Amino acid sequence: MGLKFGVHVQLEANNEAHDEPDGKSRDDTEIDESFAFMSGDFGPIETGQRDAIHARTHYGINDVGIGLVAGDTQDWLGNSHCINTYGSFTDDVGVTYITPRMEGVQLGFSYTPNSRADQAANNQAPNNDMDVVGLAMNYKGGVGESSVAVSVGHLISATDSGEDDATKTNFGLNVGMGAFSFDVAYAVSDGAATTGGNTDVVAAGMMYSDGPMSVSLGQTVSEADDGDEQTATLLSASYSLAPGIAWRSSLFAAERDRGMTDANAGASVEGNGFVTGITIGF
């Protein structure tokens, strides 16, 4: 049984501007994920800043353009951020373990002792009572000539305010049949997991691939207890020009009506957009 050790550091440049102590606003260049890992036949064990397991093992909707995973429509239409079924990508400091896939089944566990540990020292939670536990399971296999992928994840976040624990649960299903694939996903957040209270998210999509060309269509809809409603529909196409190089385009429509607990309560944004360009990956 060979062991492998390593360190992963992810640098993000030109992030959104923030205000410095001198009153000037500058773009952020920051470390996103940073963790050490050990892996072998038993699977990987990671410690450091990494997304919670319920997000990493989730099967959401596929897209070949700008994507709906992280609310990407807000990059092109301000304040149109659409909640997704993955959950938040908080990169809290903790430990994660993922089992090897056995008969198509894979299990995962993540634990964060203090979800504020990567913030300033004066933001530490009283009595260190901000631990987060994540559990996940997914399956990949085939049924006849079709491929099937199913996932379920659950996250429990303790609060330091005396309120009930916040929870997030997500489900995902991908079915592939020849050149076509179909996706459905659902997520629910209860309690302090969202600023607008309990939130439900439903997403669905389909994709067609033929050699270097792919076309996808997806939609996500979310609604919170405070009345915050968000929808986004995305039609995308891509064409592979060379290994690691692709032309990608997306046409989208997005809308958001702010909830009553939002600082911009009653405000809404609605618009359409078209994005095209060349992506390079290596």
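F37 belongs to strand 4, which covers residues 30-40; strands (E, at least two residues) and helices (H or I, at least four residues) are DSSP runs, numbered from the N terminus. This is a predicted model, in which local features need pLDDT of at least 70 and side-chain atom pairs count only at pLDDT 80 or more, while totals for chains, interfaces and linings use all residues. Residues are numbered from 1 along each chain as its sequence is written, and side-chain values use heavy atoms, with hydrogens and water left out.

With a relative accessible area of 22%, F37 is partly exposed, a class that lies between buried, under 20% relative accessible area, and exposed, over 50%, as found with a 1.4 Å probe on protein chains only. Although F37 and F5 are 32 residues apart in sequence, their C-alpha atoms are 5.7 Å apart in space. When neighbours within four places in sequence are left aside, F37 is in contact, meaning heavy atoms within 4.5 Å, with K4, F5, G6, V7, I45 and E46.

The chain as a whole has one helix and 16 strands, and of its 282 residues 38% count as buried. Among the contacts between residues at least 6 apart in sequence, 50% join residues at least 24 apart.

The phi angle of E103 is near 55°, a positive value in a residue other than glycine, and E103 is exposed, with a relative accessible area of 78%. T112, by contrast, has its place in strand 7 and counts as buried, at 10% relative accessibility. Not counting residues up to four places away in sequence, T112 touches D92, V93, G94, M130, D131 and V132. The C-alpha atoms of T112 and S157 are separated by 9.2 Å, and these two residues are 45 residues apart along the chain.

D210 is found in strand 12, made of residues 199-210, and is partly exposed, with a relative accessible area of 44%. Between the C-alpha atoms of D210 and Y239, which are 29 residues apart along the chain, the separation is 9.8 Å. S222 lies in strand 13 (residues 213-224) and counts as buried at 3% relative accessibility. Apart from its neighbours within four places in sequence, S222 is in contact with I83, T199, D200, V201, D228, E229 and Q230.

Setting aside residues up to four places away in sequence, S240 touches P212, I245 and A246, and the C-alpha atoms of S240 and S214, 26 residues apart along the chain, are separated by 8.8 Å.

Which residues make up the largest nonpolar core? A nonpolar core is a set of buried Ala, Val, Leu, Ile, Met, Phe, Trp, Tyr and Cys residues joined through side-chain atoms within 4.5 Å, and the largest one has ten residues, namely I61, L68, L77, A203, A232, L234, F252, A254, V269 and V275. Strand 14, strand 15 (245-257) and strand 16 (268-280) each supply at least two residues of this core. V275 touches I66, W76, R248, S249, S250 and F252, not counting residues up to four places away in sequence.
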